[in-house]
Amino acid sequence: MTITAALAAGLLLTACTGGNDGKAATPSTSPKATSTPTTAEPATPDSDTADEALKEAEEDFQKSLDDLENALGETVGVQEGTYEVTDSSPEYDDPSLALDDAYIAPGTYTAKGPAGGGLGCYWSRMRDASGRSDSIIANDLAAGRAIVTLAEGEFFKTSGCKPWTRSGD
């Protein structure tokens, strides 16, 4: 019961007793006593309204996070392609050639699943870049999060995945 409703009930009770100093209450038949007291709206929202507002705020926040992840997550990290796994940095006479780099460092990498609503995130660790099935060390077509650990000298091929990011090894 809200404070306003409690006050209204108290006023109604006082009106019914007619100030009989603790004697048994007898309802009054006067027109004044039969009028219904009015109650004002509660000053604070009820718990249902607060719960609904909280739920809506949480949904808006989650949507904002999802939008941010979709905006940034599709461009940051190892993209689709075939990469040589090496700790050695290649030497470039022309720094613009580094933009086509197909090398990544050894370590553990994670992709958050298929890109663009695709059916699967394919990855493979290979002995060489030939793409032949006999060069595959391990591979998977993941429907969700994918994790792979790459060693020096291997090759890594990926397609249909959100960008791979390196984990703290």
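Predicted model: local features only at pLDDT ≥ 70, side-chain atom pairs only at ≥ 80, totals over all residues.

A disulfide here means a pair of cysteine sulfur atoms within 2.5 Å. Residues are numbered from 1 along each chain as its sequence is written, and side-chain values use heavy atoms, with hydrogens and water left out.

**Stop one: the disulfide**

The structure has one disulfide. Select cysteine 121 and cysteine 161: their sulfurs sit 1.9 Å apart. The bond links distant parts of the chain, 40 residues apart, with cysteine 121 in strand S4 (residues 121-126) and cysteine 161 in the loop between strand S7 (155-159) and strand S8 (165-166). Strands are DSSP runs of E, at least two residues long, numbered from the N terminus.

Now look along the S-S bond. Its torsion is about 100 degrees, so this disulfide is right-handed.

Are these cysteines buried or exposed? Buried means under 20% relative accessible area, exposed over 50%, and partly exposed in between (1.4 Å probe, protein chains only). Cysteine 121 counts as buried because its value is 0%, and cysteine 161, at 12%, counts as buried too.

**Stop two: the sheet**

Next, colour S6, S3 and S8: these three strands form an open antiparallel sheet in the order S6-S3-S8. Strand S6 (146-150) and S8 each have a single partner strand, so one side of each is left without a neighbour in the sheet. Two strands pair if DSSP finds at least two bridges between them, and strand S3 (residues 107-111) is joined to S8 by two bridges. Finish by selecting tyrosine 109, which stands opposite arginine 166 in S8.

Note on methods
Helix = DSSP H or I, 4+ residues; strand = E, 2+ residues; numbered from the N terminus.
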